[in-house]
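Subject: Structure handover and notes on helix packing

Dear colleague,

I am passing on the structure we spoke about, together with some notes on what was found in it. Please have it open while you read.

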Amino acid sequence: MDDFQDAAKRHLDDAQLLFTHSPQRLANASHLFGLSAECSLKAIAKYLTPTAHFGGRNGHIPGLFSELKNVSPAMAGNAALAEKIVALEPQFAHWNVNQRYTSQYMFTTANTEQERTGAHDACQMMTNCLGGLT
């Protein structure tokens, strides 16, 4: 059974450790920040629409952003939440799930910092939404 909330927090914690304590591990930190954000967004969508399903390449960022517009009518009815999700998209402009195959030398601190901010924002949004604060 998928536990997107737990996975989001776990990936965020591990990414933060790598980013803070192992600067030579930007590739893995970046990958985990993106996965954390993905899981946060999926947790929100599943909370609002329990039958939501994410398939194919749209199950990952960047396609997930457009997929969310189609998956959750409840999200479409929540303009504030939808705006917050749209605001996350630019923070993952350089992220793709396939980057796990990319040379570690292609990752920059600036891009990873941007993804870090996005992952933290997504996790906070998830926590607020699942706690009824959104």
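Predicted model: local features only at pLDDT ≥ 70, side-chain atom pairs only at ≥ 80, totals over all residues.

Residues are numbered from 1 along each chain as its sequence is written, and side-chain values use heavy atoms, with hydrogens and water left out.

Helix packing

Helices here are DSSP runs of H or I with at least four residues, numbered from the N terminus. Axes are lines fitted to C-alpha atoms over the stretch in contact, and angles run from 0 to 180 degrees between N-to-C directions. Angles under 35 degrees count as roughly parallel, over 145 as roughly antiparallel, 65 to 115 as roughly perpendicular and the rest as oblique.

Helix H2 (residues 26–48) and H6 have axes that come within 8 Å and cross at roughly 25 degrees, which means that H2 is roughly parallel to H6. Their crossing is left-handed, a term used if the near helix is turned anticlockwise from the far one by less than a right angle. With contact taken as heavy atoms within 4.5 Å, the H2 side includes Phe 33, Ile 44 and Tyr 47, and the H6 side includes Arg 116, Cys 123 and Met 126. The residues of this contact divide into 15 nonpolar, 5 polar and 2 charged, where Ala, Val, Leu, Ile, Met, Phe, Trp, Tyr, Cys and Pro count as nonpolar, Asp, Glu, Lys and Arg as charged, and the others, Gly among them, as polar.

Helix H1 (residues 4–21) packs against helix H6 (residues 109–130) at an angle of about 150 degrees, with the axes 11 Å apart, and H1 is therefore roughly antiparallel to H6. The crossing of H1 and H6 is left-handed. Among the residues that make the contact are Leu 12, Gln 16 and Phe 19 of H1 and Arg 116, His 120 and Cys 123 of H6, and the contact of H1 with H6 divides into 7 nonpolar, 6 polar and 3 charged residues.

Cysteines

A disulfide is taken as a pair of cysteine sulfur atoms within 2.5 Å, and a search of the whole structure finds 0 of them. Cys 39 is in no disulfide, and the nearest cysteine sulfur, in Cys 123, is 10 Å away, too far for a bond. Cys 39 counts as buried at 11% relative accessibility, as does Cys 123 at 10%; buried means under 20% relative accessible area, exposed over 50% and partly exposed in between, with a 1.4 Å probe and protein chains only.

Two buried residues

Ser 30 lies in H2 and is buried, at 1% relative accessibility. Not counting residues up to four places away in sequence, Ser 30 touches Trp 95, Gln 99, Phe 107, Thr 112 and Glu 115.

Gln 91 is in the loop between helix H5 (79–88) and H6 and is buried as well, with a relative accessible area of 15%. With neighbours within four places in sequence left aside, Gln 91 is in contact with Gln 114, Glu 115, Thr 117, Gly 118 and Asp 121.

A cis peptide bond

Most peptide bonds are trans. The bond from Ile 61 to Pro 62, however, is cis, with omega near 10 degrees, and Pro 62 is found in the loop between H2 and helix H3 (63–71).
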